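This briefing is meant to be read with the sequence and the 3D view open. Please look over both before going on to the points below.

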Amino acid sequence: MRLRHIEIFQAIRQTGSVSAAAQLLHVSQPAVTKVLQHAELQLGFPLFLRVRGKLLPTPEALALESEVEKVTESLQGVRRLAKSLRREPGQSMRIGAIPALALSLLPPAILEWTRDYPNIACELSSDHSRELVQKLLMREIDLALTLNFSGHPGLTTQVLANGVLVALASKGYWPDAELSQALPLAALAGAPMVGLSSADPLAAKLDSYLENVDPAPRVTISVQTYSLARAMVESGAGLTVIEPFTALGASTATTCIRPLTPPLPGASTATTCIRPLTPPLPITLYALTRADEPPPHMLANLLQIFGKRARELLKRL
C-alpha cells in the first residue's frame, strides 16, 4: 500500500463513507473512490463492503489495520518534527515536566523566570519520563524536567537538586512524639500502604529499597501519580512513600512537617505529616536538553531559578 492508499483507508475507517472521507481530506469524492479502487487492485482483495449504505471493513482490512496505524503514527511524528524544525529559535520555550514537578515546582519558577523574559512565549506540558525523552528527541519540547533518567546519547543531563523519598501519612497515624524523628525502614513492615504503579520509573527503585522489609508492606491501593497518592493519604488512606516535591507541595494549612523550626502555621489543623526515611532513599532532579544543539541562553536562568527553588523546598525536610 502506498501512503496515499493508507490515508484514504484511514479516512474511510474513521468516517464510514467515501463522501465523508472526501470532506475530511478536502478532496473530491471521485478522487477518494479512484484511490480506493487502485489500492484494492494492487492488494488483490477488497478493503470495504457496502452494507446498508455504509462501508464496512473486510476481514483482510481489519488484519491490516494495526500495521496501518503504526505507519500513520510514524507519519504524524514526521509532521510534528517538520513543524518543530520550522519554528524560529528564541521566540518560544517548550518545557515538559513529570506531573510531580509540573504541579509543585514548575508554576512559581516559570512565573519568576518570565519576569526577566516577558516577550518569550512559554509552552508547558506534563508527561511521564519516557514520553518526555521521546518528545525531546522529536524536538517537540526544548527542556525536560524529571526525577528519573538512565542516560541517552542524544541528550545532555544537568543535575539541579538531590533529595530523598519521604513517608507521608494521615495525621494521627504516628504518635506526635515520633514526628521529630526520621522513620526507620523497618517501621513499614506489614503496614498498609498506597503504592506506586509498576509503570512508574521510581516504582522499581522503591521495590528494591523495600525488599529487605519483613513482612513486606501491604499495598492496598496502587496509583500512577504521586499527586493521587497524596490525595489518597489526605483522604485518610494511611501511608505512602513518595518524592518530596509532591509531599511538600501540599498546602501548609494541611501538612505538618517535622523537624521544622519554627513550626508551620496551622500545624494543629494538619491532615498529613511527612517524615524522611532512614536509611535514606536518594533521588535526583534532572534537566534534560538535546546534545546536538546549544540550549537557548535564557534557559540557564530558568534552570538556576528552578534548581534554587527545589533546593529551598528540600531544606524544609
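Where is Pro279 found? Pro279 sits in the loop that runs between strand E13 (272–278) and strand E14 (282–290). The model is a predicted one. The protein has 317 residues, of which 44% count as buried, and it holds 11 helices and 14 strands. Of the contacts between residues at least 6 apart in sequence, 75% join residues at least 24 apart.

**Cis peptide bonds**

- Thr278 and Pro279 are joined by a cis peptide bond, with omega at about 0°.
- A cis peptide bond also joins Asp214 and Pro215, and there omega is about -5°.
- Pro215 belongs to the loop between helix H8 (201–210) and strand E10 (218–223).

**Positive phi angles**

- His26 is not a glycine, yet its phi is positive, at about 60°.
- The loop between H2 and H3 is where His26 lies.
- His26 has a relative accessible area of 73%, and exposed means over 50%, so His26 is exposed.
- Arg139 is not a glycine either, and it has a positive phi of about 60°.
- Arg139 is in the loop between helix H7 (129–137) and strand E5 (143–146).

**Helix H1 against helix H2**

- Helix H1 (residues 3–15) and helix H2 (residues 18–25) have axes that come within 8 Å and cross at roughly 115°.
- The crossing of H1 past H2 is right-handed.
- On the H1 side, the contact is made by Glu7, Ile8, Ala11, Ile12, Gln14 and Thr15, and on the H2 side by Val18, Ala20, Ala21, Leu24 and Leu25.
- Sorted by class, the residues in the contact of H1 with H2 are eight nonpolar, two polar and one charged.

**Helix H1 against helix H3**

- The axes of H1 and helix H3 (residues 29–43) come within 9 Å, crossing at roughly 115°.
- Angles of 65 to 115 degrees count as roughly perpendicular, and H1 and H3 are therefore roughly perpendicular to each other.
- H1 passes H3 in a crossing that is left-handed.
- H1 supplies Arg4, His5, Ile8 and Ile12 to the contact, while H3 supplies Val32, Val35, Leu36, His38, Ala39 and Gln42.
- Six nonpolar, three polar and one charged residues make up the contact of H1 with H3.
- Thr33 is placed in helix H3.
- Partly exposed covers values between the buried limit of 20% and the exposed limit of 50%, so Thr33, at 28% relative accessibility, counts as partly exposed.
- From C-alpha to C-alpha, Thr33 and Ile8 are 9.0 Å apart in space, and in sequence they are 25 residues apart.

**Nonpolar cores**

- In soluble globular proteins, nonpolar side chains tend to be buried together.
- The largest nonpolar core has 73 residues, and those touching the most other members are Leu101, Leu145, Phe245, Leu285 and Phe306.
- Helix H11 (residues 297–315) contributes nine residues to this core, the most of any.
- Another core, of 17 residues, lies apart from the largest one, and its members include Val32, Val35, Leu47 and Leu55.
- What does Leu285 contact, leaving aside neighbours within four places in sequence? Its contacts are Leu101, Leu105, Thr146, Leu147, Gln158, Val159, Leu160, Ala161, Phe245, Phe306 and Ala310.

Definitions and conventions
Residues numbered from 1 in each chain as written. Predicted model: local features only at pLDDT ≥ 70, side-chain atom pairs only at ≥ 80, totals over all residues. Heavy atoms only, no water. Axes fitted to C-alpha atoms, helices over the stretch in contact; angles between N-to-C directions. Helix = DSSP H or I, 4+ residues; strand = E, 2+ residues; numbered from the N terminus. Left-handed = near helix turned anticlockwise from the far one by under 90°. Contact = heavy atoms within 4.5 Å. Nonpolar A, V, L, I, M, F, W, Y, C, P; charged D, E, K, R; others polar. Core = buried A, V, L, I, M, F, W, Y, C linked by side-chain atoms within 4.5 Å. Buried < 20%, exposed > 50% of the residue type's maximum accessible area, 1.4 Å probe, protein only. Parallel < 35°, antiparallel > 145°, perpendicular 65-115°, else oblique.
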